Amino acid sequence: MSGGPPKALPSTGPHSLRDMPHPLAGSSSEEAVGGDSTPSPDLLMTRSFGDKDLILPNGGTPAGTSSPASSSSLLNRLQLDDDIDGETRDLFVTVDDPKKHVCTMETYITYRITTKSSRVEFDLPEYSVRRRYQDFDWLRNKLEESQPTHLIPPLPEKFVVKGVVDRFSEEFVETRRKALDKFLKRITDHPVLSFNEHFNVFLTAKDLNAYKKQGMALLTRVGESVKHVTGGYKLRSRPLEFAAIGEYLDTFALKLGTIDRIAQRIIKEEIEYLVELREYGPVYSTWSTLESELAEPLEGVSACIGNCSTALEELTDDMTEDFLPVLREYILYSDSMKSVLKKRDQVQAEYEAKLEAVALRKEDHPKVPADVEKCQDRMECFNADLKADMERWQNNKRQDFRQLLMGMADKNIQYYEKCLTAWESIIPLLQEKQEAK
Amino acid sequence: MTENNFWLKKIEISVSEAEKRTGRNAMNMQETYTAYLIETRSVEHTDGQSVLTDSLWRRYSEFEVLRNYLLVYYPHVVVPPLPEKRAEFVWHKLSADNMDPDFVERRRIGLENFLLRVASHPILCRDKIFYLFLTQEGNWKETVNETGFQLKADSRLKALNATFRVKNPDKRFTELKHYSDELQSVISHLLRVRARVADRLYGVYKVHGNYGRVFSEWSAIEKEMGDGLQSAGHHMDVYASSIDDILEDEEHYADQLKEYLFYAEALSPRAVCRKHELMQYDLEMAAQDLASKKQQCEELATGTVRTFSLKGMTTKLFGQETPEQREARIKVLEEQINEGEQQLKSKNLEGREFVKKAWADIERFKEQKNRDLKEALISYAVMHISMCKKGIQVWTNAKECFSKM
């Protein structure tokens, strides 16, 4: 449970929105995530910089919720250290330590949110609060309301759809924790969202419920004005670049859906294979009881098949816990992005409509009235925000999938390596007596 | 027959081809069957080169005739089994059709294996009918039938199916019977589960092939990620198609197990064990018969009637017999007793001989079995090692492609 000493926070002070480095800085900008100084309690890792391909095995003794599946968060931290923007990072957030609460009315899980920041927006350098899923849900809704021109990261699904999954099982809770951690880190990473008032309160308030009841939120100018746009305007045509984004998202979501189905099918087949293997191995054991000279070799084969079965079970567990949830997350992400695109369309439509109205008025001085100017402003801001977010999203998506798919390949490699070891180790056993003869 | 020994030591036998044929069967109906080409080569001792000496075509039913003949004439030998008549323990990919090329191929190998086993058996290899099987194409059937083995086979079959109780069986045979029953059961179970395992494994590999297509489609809409995805997809296709060869190899292992399954069948209810029981039973009956005759004799001599006999009854009813009659009867009985004792002696001898020979062959068989099965397990492990290495290779390649995304 030991972690390194908290990383010294850069003393560069707070940045205003304009001074923040543009999210597109450098083609190799890594997934900028926070929360580095409090490594997950179950991992001791050797930091090896600049080696993107290395998925580190657990260096120390795993405890409680640890599993090789945390390698994805491990790699997150690894990339964090490698990040060239490191000096500008001044906010670190981590989600960990799930705890079950049993009350008269309900039972639920809370997670500990640890925040470390040197930003002026935070009164204290460090915070530790407890939040439950509905708090995260509230935060996301508030962000969508107050920052409608930006892409808000997705939350893991609220309800468990498939099968009878235990909401309080260790695997489910851990999967959810990772997703919630990712959610907060993505917000932390965002130059605009990370400064959001609600986000700040979420991270710091002792009593979040009181704040929720207030109902008053400080909206940014853009947010407020966009909020008032009713859906009455029809867009003639989407500008090419946004149309392209829309098309891309459609196809992307489709392909991810297919990959999700394939992955699920593979897991299903693997589990059925496992069932048969679990019957197969013991038959060799039974046979060995009939034999004298062949007894040891047969028993050896039985044990070997047993080891392969265990390795396979680990593989299917890993894929279920780590691979599938991330895929689903991205499908949700692209869905929410499409709705942001539609909102943008609305803003543009309003502007165009108002502009047209002015043109029809046939005034002598075709000076554009103030409110039309405001509309144009709004539209251009929205477009800029969206474009910037889109590029940032593309970059992160690339990193995330690179990591995800490499992780998948890795798990399969590990599975085969375990099986290889098992089979290689019985060869001497099988050959042994023959030579002695 | 000595020239046979010498000859058979330096020959190579192979079942090199299989061919579909049509012909008319005994009921003059058209039928399709497969014929197998048996080639015999003798190896020149001087330069080690082999020369084709004989080649002829045989079908499966002729192999069966040969085997039945051997079973009848060598009851103390564990006769090698034939490959299965119909495909059993199949998993979904293989068809259960006897005409399926994969099945025919595996049967060809099985038949070759059978001939090689017979040829390498110290006793069976000397048999003339076997020699003729390899060399005399036409007329072979007639020659076999002339030995009259068919009649013997029938009576043997009848005897084998009869139920009787043996009082003092050789304990070793009882154990052997028990072992072969258990062995049959466990190998059958193993083969059944293995077939299911193969089926599932096939599914796992093939589904991965779908990644190939979807990665390719996805790569079309990506800029930097495209190449990595595309090439990774290719590796997924390679992975998916690799399972065909892997399972092909595994069938060979299954065939080796099957051979011993059939061997186990040859051990117990048929041939060796049963033959021993038959002889033992025969012996016991003869001994019993002798004992009762001796008793009768004694009774007649002493005049006491302890055992029930028809003669005794009639004597009681119709009066005593004359001393001359009694003498005559005693003489007859004494002759029978003598004969009986001779028979018992020779039966005992026969029985002991049989047990000795049979047990020698069983020991030989046991050693062969242990050797063969160990080899089979080793090559099974090697197969799996190769499969794991291929898996590691493919996924490492895919990982590299992903890293370039």
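**View 1. Polar contacts and salt bridges where chain B meets chain A.** Between chain B and chain A, 18 residue pairs are in polar contact, counting pairs with both residues at pLDDT 80 or more; keep in mind that this is a predicted model. Salt bridges turn up here too: the rule finds eight across the interface of chain B and chain A. One to zoom in on joins the side chains of B:Arg196 and A:Glu279, with N to O at 2.9 Å.

**View 2. The chain B side of the contact.** Helices H7 (171-219), H8 (226-267) and H11 (323-403) of chain B each put at least two residues into the side that touches chain A. H7(B) gives the most, with 24 residues. Sorted by type, the residues on this side of chain B come out as 34 nonpolar, nine polar and 13 charged.

**View 3. The whole interface, by the numbers.** Chain B brings 56 residues to the contact, and chain A brings 56 residues. About 5700 Å² is buried between the two chains, and carbon and sulfur atoms give 74% of that.

**View 4. A three-stranded sheet in chain A.** This open sheet runs in the order S1-S2-S3, with antiparallel pairing. S1 (91-102) and S3 (126-132) of chain A are the edge strands with a single partner strand each, so one side of each has no neighbour in the sheet. On average, neighbouring strands are turned by 20° against each other, direction ignored.

View 5. S2 (residues 107-117) of chain A pairs with S3(A) in the antiparallel sense over seven bridges, and A:Thr110 sits opposite A:Arg132 in S3(A). Helix H3 (residues 170-189) of chain A packs on the sheet, touching S1 and S2 of chain A, with its direction at about 150° to that of S1(A). Helix H4 (residues 197-204) of chain A also packs there, touching S1, S2 and S3 of chain A, and its direction makes about 90° with that of S3(A).

Note on methods. Residues numbered from 1 in each chain as written. Chains lettered and ligands numbered in written order. Predicted model: local features only at pLDDT ≥ 70, side-chain atom pairs only at ≥ 80, totals over all residues. Heavy atoms only, no water. Pairing = 2+ DSSP bridges. Helix = DSSP H or I, 4+ residues; strand = E, 2+ residues; numbered from the N terminus. Axes fitted to C-alpha atoms, helices over the stretch in contact; angles between N-to-C directions. Contact = heavy atoms within 4.5 Å. Buried area = accessible area lost by both parts, 1.4 Å probe. Salt bridge = Lys/Arg side-chain N within 4 Å of Asp/Glu carboxyl O. Polar contact = N/O pair within 3.5 Å; in protein donor to acceptor, adjacent residues only side chain to side chain. Nonpolar A, V, L, I, M, F, W, Y, C, P; charged D, E, K, R; others polar.
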